[in-house]
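Please keep the sequence and the coordinates open alongside the text.

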Amino acid sequence: MNILITGATSGIGYQLALDYHQQGHRVYACGRNQEALKTLHELGLKTLQVDVTDQAQVSELFADLPPIQLAILAAGTCQYHQYHQFNGKDFANTINTNLAAIGYQLEALWLKLDSPSQLAMVGSLARYLPFTRAGAYSASKAGIWQLANVLRTDLAPRQISVHCIEPGFVDTPMTRANDFKMPGMISVQRAAKLIQKGLKKNQQQIAFPKLLYWLLKVLSILPMHWQNSICRMLAKRGD
């Protein structure tokens with residue numbers, strides 16, 4: 001199986017690339033980190049150094065790809081705004097990297113996706129509640145959720161299933177930069193296994209860990225002012 005993974009030079013994307021390669025698949029690992037790509041290349045993976053926010057790069061480098069049976073769009077970033085100011089540049093960077101850049105990838109992959117095939121995008125459980133300072137990150141991940149729903153409608157006639165991967169806290173370089181408590185943290189190896197299991201079962205939503213998922217899902221039903229109060233309380237506990 002030909003598998004393309006963006007964001008493959010760190011975190012979940014990196015682990016998925018390793019796992020699928022070890023299973024005997026032909027993996028096209030995409031990312032910006034040259035050293036990580038070199039390591040993956042030495043292990044036998046196909047590598048593409050690409051900035052997914054650069055449409056010309058994405059279009060050029062994806063043009064020569066063979067038909068893809070599984071695409072996992074995992075490239076992402078997280079920048080929190082502060083209480084005393086809102087940085088519009090950071091907001092735009094997060095939205096562009098996490099959501100807008102998916103449009104460039106989809107355009108380049110649209111006719112590369114085989115029939116049948118799977119398209120997976122990495123969202124987040126953060127979309128469920130109005131967590132403090134996470135406006136850009138949560139908004140981008142909520143956008144991915146809705147985008148996946150729309151694409152599922154559009155791509156079904158081509159036998160392309162669409163999956164939204166929604167992790168909680170996973171031990172990655174990105175989460176290690178967080179300055180607050182992260183309940184339900186799991187290893188990147190465990191996260192990768194859950195994603196592979198969910199894709200094998202053709203699950204439309206792959207959300208984990210389950211306890212955190214169900215807690216957030218229940219809380220998201222509450223009136224919004226209650227949700228705001230809960231998130232303010234959680235922020236104070238984390239101080």
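## Nonpolar cores

Within the largest nonpolar core, which has 27 residues, the members that touch the most other members are Ile5, Leu16, Tyr20, Ile72, Ile165, Leu199 and Phe208. A nonpolar core is here a set of buried Ala, Val, Leu, Ile, Met, Phe, Trp, Tyr and Cys residues joined through side-chain atoms within 4.5 Å, and buried means under 20% relative accessible area, with exposed being over 50% and partly exposed in between (1.4 Å probe, protein chains only). Two or more residues are given to this core by each of strand E1 (2-6), helix H1 (11-22), strand E2 (26-31), strand E4 (68-73), strand E5 (113-122), helix H6 (188-200) and strand E7 (205-208). These elements are DSSP runs numbered from the N terminus, helices (H or I) having at least four residues and strands (E) at least two.

Apart from this core lies another one, of 25 residues, among them Ala71, Ala108, Leu109 and Ile160. Ile72 has contacts (heavy atoms within 4.5 Å) with Leu4, Ile5, Thr6, Leu16, Tyr20, Ala120, Ile165 and Leu199, leaving aside residues up to four places away in sequence.

## Basis of the values

The model is predicted, and local features need pLDDT of at least 70, while side-chain atom pairs count only at pLDDT 80 or more and totals for chains, interfaces and linings use all residues. Residues are numbered from 1 along each chain as its sequence is written, and side-chain values use heavy atoms, with hydrogens and water left out.

Thr6 is found in strand E1 and is buried, with a relative accessible area of 0%. Its side chain makes a polar contact with the side chain of Gln105 at 3.3 Å; such a contact is a pair of N or O atoms within 3.5 Å, where within protein one must be able to donate a hydrogen and the other to accept it, and residues adjacent in sequence count only if both atoms are side-chain atoms. Beyond residues up to four places away in sequence, Thr6 touches Cys30, Val52, Phe62, Ile72, Leu73, Ala74, Ala75 and Gln105.

Tyr28 has its place in strand E2 and is likewise buried, at 12% relative accessible area. Although Tyr28 and Asn2 are 26 residues apart in sequence, their C-alpha atoms are 7.6 Å apart in space. Tyr28 touches Asn2, Ile3, Leu4, Ile5, Lys46, Leu65 and Pro66, again not counting residues up to four places away in sequence.

Gln49 lies in strand E3 (residues 46-49) and is partly exposed, with a relative accessible area of 44%. The side chain of Gln49 reaches the backbone oxygen of Arg32 at 3.2 Å, and the residues it touches, not counting those up to four places away in sequence, are Gly31, Arg32, Gln34, Leu37, Gln57 and Leu61.

Thr97, in helix H4 (residues 88-109), counts as buried at 12% relative accessibility. With residues up to four places away in sequence not counted, Thr97 touches Thr53, Ala75, Gly76 and Thr77.

## The faces of helix H7

In helix H7 (residues 210-219), the buried residues are Leu212, Tyr213, Leu216 and Leu219. Seen down the axis of H7, these buried residues fall within an arc of 135°, so they line one face of the helix; the arc is that of the directions from the helix axis to the C-beta atoms. The face of H7 turned away from the buried side carries the exposed residues Leu211 and Val218.

## Salt bridge

The structure holds 1 salt bridge, defined as a side-chain nitrogen of Lys or Arg within 4 Å of a carboxyl oxygen of Asp or Glu. Glu166 forms this salt bridge with Arg127, the closest N and O atoms being 2.4 Å apart. The pair links distant parts of the chain, 39 residues apart, with Glu166 in strand E6 (residues 160-167) and Arg127 in the loop between E5 and helix H5 (135-155). Glu166 is buried, with a relative accessible area of 0%.

## Cysteines

A search of the whole structure finds 0 disulfides, a disulfide being a pair of cysteine sulfur atoms within 2.5 Å.
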